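User: I would like to learn how to read the features of a protein model one at a time, with the general idea before the particular case. Could we work through the structure below in that way?

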Amino acid sequence: MSRSNKMFGDKAFDLLKDLKRSAQTIPAFDDDGVRQVLEEIKAIFEENVAQASSYNSSGDRSLWPLLNYRHAALQRNKRCLLAYLYERMQRIKALRWEFGPIIPGDIKQALCEPEVQFFNNYSKSLAAYMRSVGDGQGIDLTGNLRPPKSLYIEVRCVEDYGKFELDDGEVVHLKKNSQHYLPRAQVETLVRQGILQHIA
């Protein structure tokens with residue numbers, strides 16, 4: 001198999017470096033990069049199978065170093081690819097805690113379809129767990145990621161949202177640039193989604 005100056009595993013390592021360096025919450029899934037790594041894994045495997053057959057028929061032990069080198073390269077590619085997918089999975093879990101059960105549109109565009117499905121399944125599992133704890137009352141574990149200093153906060157609407165019903169039945173009209181003094185626990189999700197802005 002002819003190669004340029006690129007070594008086995010370079011593309012897989014590039015996937016990890018690009019993900020780590022990205023300033024975005026989660027960069028777009030690198031379909032092309034993942035495909036290239038999978039193609040390289042397949043090519044390495046096929047080369048080793050062919051060479052192993054040659055070894056079986058000839059018994060030439062001089063083939064062992066190259067077989068071992070290719071096998072190590074194949075394993076490295078697999079580890080890098082799994083690390084890339086695992087890191088993305090961890091970031092997708094963090095999205096649920098930060099933004100709630102709905103992924104903002106600009107971030108959702110960066111995810112591939114299986115990742116969106118993973119987010120939805122994780123979100124459902126987390127919601128089911130939160131409903132099951134707290135003596136049947138349920139507890140919103142995502143509501144207070146940091147201990148609150150006060151139960152009410154002052155917020156400004158960043159965009160028109162419409163009617164928002166509080167737990168006590170009061171309905172608040174959230175219009176762009178309007179300011180409200182509302183229970184922190186009930187509006188934190190809207191703050192995280194960028195619909196409301198906390199006024200310090």
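User: By about how many helical turns are Glu 46 and Lys 42 separated in helix H2?

Analyst: Please keep in mind that this is a predicted model. Glu 46 and Lys 42 are four residues apart in helix H2, so about one helical turn separates them. The two form a salt bridge, in which the closest N and O atoms are 3.8 Å apart, against a cut-off of 4 Å for such a pair. Glu 46 is partly exposed at a relative accessible area of 45%, whereas Lys 42, at 55%, counts as exposed.

User: How many salt bridges does the count come to, and where does the one between Asp 14 and Lys 17 lie?

Analyst: The count comes to nine salt bridges. Asp 14 and Lys 17 are in helix H1, where a spacing of three residues puts about one helical turn between them, and their closest N and O atoms are 3.4 Å apart. Asp 14 is buried, because its relative accessible area of 18% falls under the 20% limit, while Lys 17 is partly exposed at 28%.

User: How should I read a pair of aromatic rings, and how many such pairs does the structure hold?

Analyst: A pair of aromatic rings is described by the distance of the centres and the angle of the planes. The structure holds four aromatic pairs. In one of them, the rings of Phe 29 and Tyr 84 have centres 5.9 Å apart and planes at 50 degrees, so this pair is tilted. Phe 29 lies in the loop between H1 and H2 and Tyr 84 in helix H3, so the pair ties together parts that are 55 residues apart in sequence. Both Phe 29 and Tyr 84 are buried. Phe 118 and Tyr 122, by contrast, form a stacked pair, with 6.2 Å from centre to centre and 15 degrees between the planes. These two residues both lie in helix H5, four residues apart; Phe 118 is partly exposed at 26% relative accessibility, and Tyr 122 is partly exposed at 21%.

User: Which elements give two or more residues to the largest nonpolar core?

Analyst: The largest nonpolar core has 15 residues, and those with the most contacts inside it include Phe 29, Tyr 84, Leu 15 and Leu 81. Helix H1 (10-21), helix H2 (31-58) and helix H3 (64-99) each give two or more residues to this core, and the largest share, five residues, comes from H3. A second, separate core of twelve residues includes Phe 164, Leu 166, Leu 174 and Leu 190.

User: Is Asn 77 buried or exposed?

Analyst: Asn 77, which lies in helix H3, counts as buried at 0% relative accessibility. Leaving aside neighbours within four places in sequence, Asn 77 is in contact with Gly 9, Ala 12, Val 37, Glu 40, Ile 41 and Ile 44.

User: Which residues form a nonpolar patch on the surface?

Analyst: Tyr 129, Ile 139 and Leu 141 form this patch, and together they have about 270 Å² of accessible area. Leu 141 is found in the loop between helix H5 (113-132) and strand S1 (152-157), and is partly exposed with a relative accessible area of 34%.

Notes. Residues are numbered from 1 along each chain as its sequence is written. This is a predicted model: local features need pLDDT of at least 70, side-chain atom pairs count only at pLDDT 80 or more; totals for chains, interfaces and linings use all residues. Side-chain values use heavy atoms; hydrogens and water are left out. Patches are made of residues with over 30% relative accessible area and no salt bridge: like charges are joined within 9 Å, nonpolar side chains (Val, Leu, Ile, Met, Phe, Trp, Tyr) within 5 Å. Accessible areas come from the Shrake-Rupley method with a 1.4 Å probe; for residues, only the protein chains shown count as cover. A salt bridge is a side-chain nitrogen of Lys or Arg within 4 Å of a carboxyl oxygen of Asp or Glu. Buried means under 20% relative accessible area, exposed over 50%, partly exposed in between (1.4 Å probe, protein chains only). A nonpolar core is a set of buried Ala, Val, Leu, Ile, Met, Phe, Trp, Tyr and Cys residues joined through side-chain atoms within 4.5 Å. Rings of Phe, Tyr and Trp (its six-membered ring) pair if their centres lie within 6.5 Å; planes under 30 degrees apart count as stacked, over 60 as edge-to-face and the rest as tilted. Contact means heavy atoms within 4.5 Å.
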